[in-house]
Amino acid sequence: MDNQTRIEIEAEVFRRLQKHLMEDRPDAQNIDMMNLAGFCRNCLSRWYQEAANARGIAMDKAEGREAFYGMPFEEYKARHQTDATPEAQAAFNATHSKD
């Protein structure tokens with residue numbers, strides 16, 4: 001496989017992951033993703049921002065989140081985010097307190 005084809009496939013996989021998280025499974029809460037997988041939508045939006053910044057494209061945290069979420073983060077939270085259960089919050093604190 002040539003490098004350009006690999007890049008195009010990786011980009012398509014990223015877009016499919018983004019669609020899955022944003023459209024197919026908005027019910028999967030970020031805190032549960034963090035507790036299970038160690039990353040969530042916010043991590044993906046930060047990685048997006050960091051990749052843009054590394055290429056000289058000015059993008060702040062809010063812009064990175066909007067680029068990934070497809071809407072302002074506050075709008076996404078209002079539509080889909082629920083309060084974390086005490087158990088989920090405790091699990092998060094136990095494993096991610098230094099993050």
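## The largest pocket

Twenty residues line the largest pocket, and N30, I31, M34, C40 and F92 are the ones nearest its centre. This is how a pocket is found here: on a 1 Å grid over the protein atoms alone, it is an open set of points with protein on both sides within 12 Å along at least five of seven lines, and a lining residue has an atom within 4 Å of a point. Rolling a probe the size of a water molecule over the atoms shows where empty space is left.

The largest pocket has a volume of about 370 Å³, where volume is the space filled by probe spheres set on the grid points, joined across faces, edges and corners. Three helices, α2 (30-37), α3 (41-54) and α6 (86-96), each give at least two residues to its lining. Helices here are DSSP runs (H or I, at least four residues), strands are E runs of at least two, and both are numbered from the N terminus. Sorted by type, the lining has seven nonpolar, nine polar and four charged residues. In that sorting, Ala, Val, Leu, Ile, Met, Phe, Trp, Tyr, Cys and Pro are nonpolar, Asp, Glu, Lys and Arg are charged, and the others, Gly among them, are polar.

## What kind of model this is

This is a predicted model, where local features need pLDDT of at least 70 and side-chain atom pairs count only at pLDDT 80 or more, while totals for chains, interfaces and linings use all residues. Residues are numbered from 1 along each chain as its sequence is written, and side-chain values use heavy atoms, with hydrogens and water left out.

## The chain as a whole

Let's step back to the overall picture. The protein chain has six helices and zero strands, so its pattern along the sequence reads α-α-α-α-α-α. Its C-alpha trace spans about 50 × 30 × 30 Å along the principal axes.

Of the chain's 99 residues, 27% count as buried. Buried means under 20% relative accessible area, exposed means over 50%, and partly exposed is in between (1.4 Å probe, protein chains only). Now for contacts, meaning heavy atoms within 4.5 Å: among those with a separation of 6 or more, 49% join residues 24 or more positions apart.

How far apart are the end C-alpha atoms of helix α1 (residues 3-24)? They are 30 Å apart, which agrees with the 32 Å that its 22 residues should span at 1.5 Å a residue. The expected span is 1.5 Å times one less than the number of residues.

The buried residues of α1 are Q18, L21 and M22. They sit on the same side of α1, because they cover an arc of only 90° around the axis. That arc is taken from the directions from the helix axis to the C-beta atoms. On the face turned away from this buried side, you'll find the exposed residues V13 and E23. The cover over the buried residues of α1 includes α2, α3, α4 (61-69) and α5 (73-80).

## The second largest pocket

With a volume of about 280 Å³, this is the second largest pocket. Its lining is made of F14, L44, W47, Y48, A51, A52, R55 and I57. Helix α3 provides the largest share, five residues. By type, the lining has seven nonpolar residues, no polar ones and one charged.

Not counting residues up to four places away in sequence, Q49 touches M59, D60, K61 and G64.

N53 also lies in helix α3, but at 36% relative accessibility N53 counts as partly exposed. Under that same rule about sequence neighbours, N53 touches A58 and M59.

## A residue in a loop

Q81 is found in the loop between α5 and α6. With a relative accessible area of 38%, Q81 is partly exposed. Q81 and I31 are 50 residues apart in sequence, and their C-alpha atoms are 9.7 Å apart in space. Leaving aside neighbours within four places, Q81 is in contact with Q29, N30, F73 and Y76.

Technical notes. On a 1 Å grid over the protein atoms alone, a cavity is a set of points where a 1.4 Å probe fits but cannot get out, and a pocket is an open set with protein on both sides within 12 Å along at least five of seven lines; lining residues have an atom within 4 Å of a point.
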